[in-house]
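Subject: Structure for you to look over

Dear colleague,

Please find below the structure that I promised to pass on. My notes follow it, and I would be glad if you read them with the model open beside you.

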Amino acid sequence: MPPSLTIPSPTFRRWVKYWLAWTAAGLFYITQAVMTRLAYNETVPWRKIVMGELAAMYICAAFTPAMLWLGRRWTLEQAFRWRHIALHFGASVVFALVSCALEVPVLVAIGLLPTLKTPASLARDFGILLSYDLHGAIARYWVVIGLQALFRSNHEARRREREALELKIHSSQLAEQLTSSQLSALKMQLHPHFLFNTLSAIMVLVRQQKGRQAETMLSRLSDLLRHTLDDVEAQEVPLWRELDFLRLYLSIEQVRFEDRLRVWIDAGPEVSDALVPHMALQPIVENAVRHGLGQSEEPVLIHVTASRVNSHLRLTVIDDGPGCSTPAFEKMGIGLTNTRNRLNRLYGAESTFSAENRVPQGVQVTITLPYHTAPEGEECA
């Protein structure tokens, strides 16, 4: 069996990164020194330049973990950053002194300086090296601290963006849940309202001893309630299903009003799959029945049309009854008010709802909403 590969530890990988980073910095200084000598037609002492520059860089690599620790302890982004800057300045000077002190014996060891025989020669070489490399060592310390602050700031910015995105998604989900609950509440207001009116009509027939008509209405009401329960969770349904529901409702009303109520539904197959709010048309038609037939002894025609106008679906309900006594329709009932509110919740400014008297008589209610259909394989909910 082949030997298993050992994954290097995180500490080892960090040291490799430090070594590579400072090696790259050393190569930069090496090329700079070589280009300067070539520009002045001087001989290039390759060994002295390469080993001298890399020695300084690798001393910095050895102290990098300590620099990073100080950078985490005295961060430049905090409120006390001026105090921290002062502390870092002192630390950079100490680092420069220690770095130069270590560099002298290293350069002696690799043969770039004469062998140190007395403490006086050590101090002399340290002073000479310090005059050349003090500022460079301080600059290298600040490069490490600055890059650390830059990476930390970038990481913090990404974290805040991620948190902002998560908060936005969470807020969007909460808003969607709130809208859904509000729409469901509006629908639940429509159901008992519609049921109460229908049961009241049946009670009137019973009192008038019209038992056969009352039985027919109860039977059709049962079918209608079954239809309603199938879509109790749906906010939108295909138009063909909404019209089926409307026909059931009107069949109940036609039992009640017999020949006085005439119905004409005009919707072509090209719009049958368009999604509409569930029970959007029923309260409008119910309003036409109550105020049209209820205030007239003549037969009343209720005309329902659906058509596509560019990117919108237009639904109209027209009756030829006596019309509304208040042209502005200031006092809308529960049904019309809830329908308008649901349109606003579902589609916002992309939908319109208008009700107006017709000339010479009658009322027209018009709804426009964005034309859209359910994706294939998905049900409306």
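**The strands**

Strands β6 and β7 pair in the antiparallel sense over 6 bridges, where strands (E, at least two residues) and helices (H or I, at least four residues) are DSSP runs numbered from the N terminus, and two strands pair if DSSP finds at least two bridges between them. Please keep in mind that this is a predicted model, in which local features need pLDDT of at least 70 and side-chain atom pairs count only at pLDDT 80 or more, while totals for chains, interfaces and linings use all residues. Residues are numbered from 1 along each chain as its sequence is written, and side-chain values use heavy atoms, with hydrogens and water left out.

How many of the residues of β7 are buried? The count is 8 of 8, so β7 is largely enclosed by the rest of the structure; buried means under 20% relative accessible area, exposed means over 50%, and partly exposed lies in between (1.4 Å probe, protein chains only).

The hairpin of β4 and β5 has 2 residues between the strands, and asparagine 310 takes a positive phi near 55° in it. Strand β4 (residues 300-309) is in turn joined by 7 bridges to β2 (residues 261-267), and this pair runs parallel, with alanine 267 opposite alanine 306 in β4.

**The helices and their loops**

Two packed helices are described by the angle between their axes and the distance between the axes. For α1 (residues 10-39) and α2 (residues 46-73) the angle is about 145° and the axes are 8 Å apart; axes are lines fitted to C-alpha atoms, for helices over the stretch in contact, and angles run from 0 to 180 degrees between N-to-C directions. By class, the contact of α1 with α2 has 20 nonpolar, 3 polar and 2 charged residues, where Ala, Val, Leu, Ile, Met, Phe, Trp, Tyr, Cys and Pro count as nonpolar, Asp, Glu, Lys and Arg as charged, and the others, Gly among them, as polar.

Asparagine 41, in the loop between α1 and α2, has a positive phi near 55° although it is a residue other than glycine, and at 74% relative accessibility it counts as exposed. Glutamine 209, in the loop between α4 (119-207) and α5 (211-230), likewise is not a glycine and has a positive phi of about 60°; glutamine 209 is exposed, with a relative accessible area of 74%.

Glutamine 148 lies in helix α4 and is buried, with a relative accessible area of 12%. Glutamine 148 and leucine 68 are 80 residues apart in sequence and 7.2 Å apart in space, C-alpha to C-alpha.

The largest pocket has a volume of about 770 Å³. A pocket, on a 1 Å grid over the protein atoms alone, is an open set of points where a 1.4 Å probe fits, with protein on both sides within 12 Å along at least five of seven lines, and lining residues have an atom within 4 Å of a point. Of the 21 residues that line the largest pocket, the closest to its centre are Lys48, Gly52, Glu53, Leu129 and Tyr132, and α4 gives the most to this lining, with 6 residues. By class, that lining has 11 nonpolar, 3 polar and 7 charged residues.

The second largest pocket, with a volume of about 600 Å³, is lined by 20 residues, of which Tyr18, Leu68, Val144, Leu147 and Phe151 lie nearest its centre. Helix α4 gives the most to this lining too, with 9 residues.

With best wishes

Methods. Grid points are joined across faces, edges and corners, and a volume is the space filled by probe spheres set on the points.
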